[in-house]
Amino acid sequence: MSGSDRAPVPLVTLADYATGARPRFEPTVWDFLEGGAGDERTLAANLAAFTQVSLRPRVLAGTGMPDIKTEILGGTWAAPLAIAPMAYHALAHAGGEVSTARGAGAAGLPLVVSTFASRTFEDIAAAATSPLWLQVYCFRDRAVTQALIERAERAGFEALVLTVDAPRLGRRLRDVRNNFRLPAGVAPANLTGTGFDSPGAHALTEFDPALDWSVIGWLRSVSSLPVLVKGVLTAADARLAVAAGVDGIVVSNHGGRQLDGAPATLDVLPAIAATVAGACPVLLDGGVRHGADVLAALALGADAVLLGRPVLHGLAAAGADGVADVFGILTEELTEAMALTGTGSVAAAGPGLVSDEGQPAGPAGARHLAPVSAPRAGGSGVRKEDLHGSVSDPVLDTMNFLNEITTRYPDAISFAPGRPYDGFFDTEQIFTYLRRYLDHLAAQGASPGQVRSALFQYGPTSGQIRELIADFLRKDEGIDVPPESIVVTVGAQEAMLLAVRTLIAGPEDVLLVSSPCYVGITGAARLLDVRPVAVEETEEGVSVAALTAAIRRERARGRRPRAFYVIPDHSNPSGTTMSTQTRRELLELAAREDILLLEDSPYRLVSPGRQVPTLKSMDTDRRVIHLGSLSKTLFPGARVGFAVADQTVTDGSGRTSLLADEFSKVKSMVTVNTSPVSQALVAGMLLTADGRASDLNVNTATYYGDAMRVTLDALDAAFPRGEREALGVRWNEPSGGFFLSVTVPFRADNAALIRSAEEFGVIWTPMSYFYPGGGGECALRLSVSYLAHEQIKDGIGRLARFVTEQAALARA
């Protein structure tokens, strides 16, 4: 390789770049470049983690030449490597980040550009031939941050990397001892006029010290670029990051000083990767110096690594050529390590590369971590990090937490459960409904053996009462579909799982959901390693404009939007109902953008008054998959739901079937079939009303309508208009359903819920549970369905006392 800015330094390993580069600098400048973003202990801990590891050698693996290409965020990288964000490349080489970008382009690898780059975004982009990402610090003045992001996006940058372990930068002892200041001519080129003239000081004075996960939503509101978070070091924060809807996680401890006893990035990587479980890419930053280190990180769950100090060494020694050489050395070592371990591709790297305890290390230079999961002496316990990441996801914890609170405080009045009122049920009705269905079968000509089989045997996977459900849908909802387009499910929850599993074929496919959103769909998606994309609702409900923007944003990222999930009527959790006009616009959008709509509609028949037509009844283009439940309307304990999927499916030979048939295939591997006894019970109920479930819900709809009115009247009485405005309390007024949302002037989180239950005897649900992309921190959901009217009045009085006192504490 040759180049005008190459220094005559013999190059063998990455370490040679460091020794060759050092004499060119003043000692204080070298100390700054060599020190890393954290302190000396941070760097030492990261390096030491890799020296403690070994890889398992394999022979005669037959893998051929290893494939080191990888895919990250829809793009293909030449290797699972990128350049970490580092400030002031001009300290290492006169070309600064422009030369670094040229070297990255020659290697076919991305460059993460620091906010404190010494060259402008525009100049760096003009020199780049590989992807550029922007490292983002969030300043107190959000306008400064937004302006930087907009400049980078206009220049062609492809992602944002938010450093989340700021505002506290590492205490770099060498810089303190040296009283280091940037030399003349070196400055943050993209922050001209902001007064940032020394490393470290800017973080303490200008970074926003009060960031929380809502910043992810803010970044999405000002940019269409994917958002990664850099600085995650715990599985708990990884869960929160995934819940906030990030597009990637960088495991890094470079933003702050290494805490006493805190682990290196490689040590925490396995637990974080297990928690994320493929929901988004996981990258590692810190301590990588050899190709075997890269393979070690991949084996423990990283999708790629970021390289820092060695890049500056290469830049200092030989400019752009030096940067390219650094990656040439590293990729050659990575290829060799993969060959020696029988690893044919980056995707094939996994925990099996880690040696067993007591096993000798691999060939010289092939190093890796100790076993991911060492055997335990005695017992049969299971480590949670060895389980699927969904079991640690906050989404799956929400209902268990609410149940625990309810059990712990049995005397509290609970507005949490969204289940029907108990007073409607009569035990003797069970036998009446069973007999009615058996008589129906006999009247249809079924023999005694066939009648017996209808109750005692498994029955068809797609359900044995599809004709009766089709009749009910036609009479009550104006949905005219053939019975064979219906799959009877174990509640609507199974219908959601079948829809997600069938429609989302791979990581490029996108499930969009309204936000706030029912946790059942986000939980089902999490179980299937599908990360929904949240589309923020307005106070009036779904915004077709916001959905359109989300669809086009995902397509711009190289992804394929497949379906949008929504509850159009009396939504859970917000209680909003979509207008007829919005429904028409949504159907037009689905046809125009070629997506499907997952319509979940459990609350229509238990709400008073005339209902707006369902999306499915208005669907002339078969764009709607209707997910229904007979739990709220007929029999909660029977757990009978259904999916209407009348879309045509065409295979490669041109043969067609119904989408419902594909749902049934998935169901056959999940629940096999829905309980025939449960189906018989709800069928008997439908038969007693000639298929009109609405007739069976006249009294229930009236009761729930009264319950909503009692709740709203009680809120009006507890918070008179002037008082509520002074407090900052407000609520919506749904026309039906089970739920409404109350906004409060404090964080309505789990801690506030426990205090509410313990000290005031009232339980509610934090609205933040229902925001897959983050949000709803200062709101709570009230369910009005389960309580008697007197309990509602008492409960609202307790809630008012809690809200008033909690608001006072928040102001103090």
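Start by selecting Val232 and Val251: Val232 stands opposite Val251, which belongs to strand 8 (residues 248-251). Strands here are DSSP runs of E with at least two residues, helices are H or I runs of at least four, and both are numbered from the N terminus. From strand 7, the chain passes through helix 10 (residues 235-243) on its way to strand 8, making a right-handed β-α-β crossover. Right-handed means that, with the strands pointing away from you, the path from the first strand over the helix to the second runs clockwise.

A quick word on what's on screen: this is a predicted model, where local features need pLDDT of at least 70 and side-chain atom pairs count only at pLDDT 80 or more, while totals for chains, interfaces and linings use all residues. Residues are numbered from 1 along each chain as its sequence is written, and side-chain values use heavy atoms, with hydrogens and water left out.

Now colour strand 7 (residues 227-232): six of its six residues are buried. Buried is under 20% relative accessible area, exposed is over 50%, and partly exposed is in between (1.4 Å probe, protein chains only). Strand 7 pairs with strand 8 in the parallel sense over four bridges; pairing takes at least two bridges found by DSSP. Strand 6 (residues 159-163) also runs parallel to strand 7, joined by four bridges. Click on Val161 and you'll find Leu228 of strand 7 as its bridge partner.

Next, jump to the open sheet of four strands, ordered 21-22-25-24 with antiparallel pairing. Strand 21 (730-731) and strand 24 (765-766) are the edges, each pairing on one side only. Two bridges join strand 24 to the antiparallel strand 25 (residues 779-783), and Thr765 stands opposite Arg781 of strand 25.

Now for the rings. Phe, Tyr and Trp rings (six-membered ring for Trp) pair if their centres lie within 6.5 Å; planes under 30 degrees apart are stacked, over 60 edge-to-face, and the rest tilted. That gives 17 aromatic pairs. Select Tyr421 and Tyr703: their centres are 4.5 Å apart and their planes are at 10°, so this pair is stacked. Tyr421 is partly exposed at 22% relative accessible area, whereas Tyr703 is buried at 15%.

Last stop: charges over rings, meaning NZ of Lys or CZ of Arg within 6 Å of the ring centre and within 35 degrees of the ring normal. Arg419 has its charged end over the ring of Tyr786, 4.3 Å from the centre. Arg142 lies over the face of Trp218, at 4.7 Å from the ring centre.
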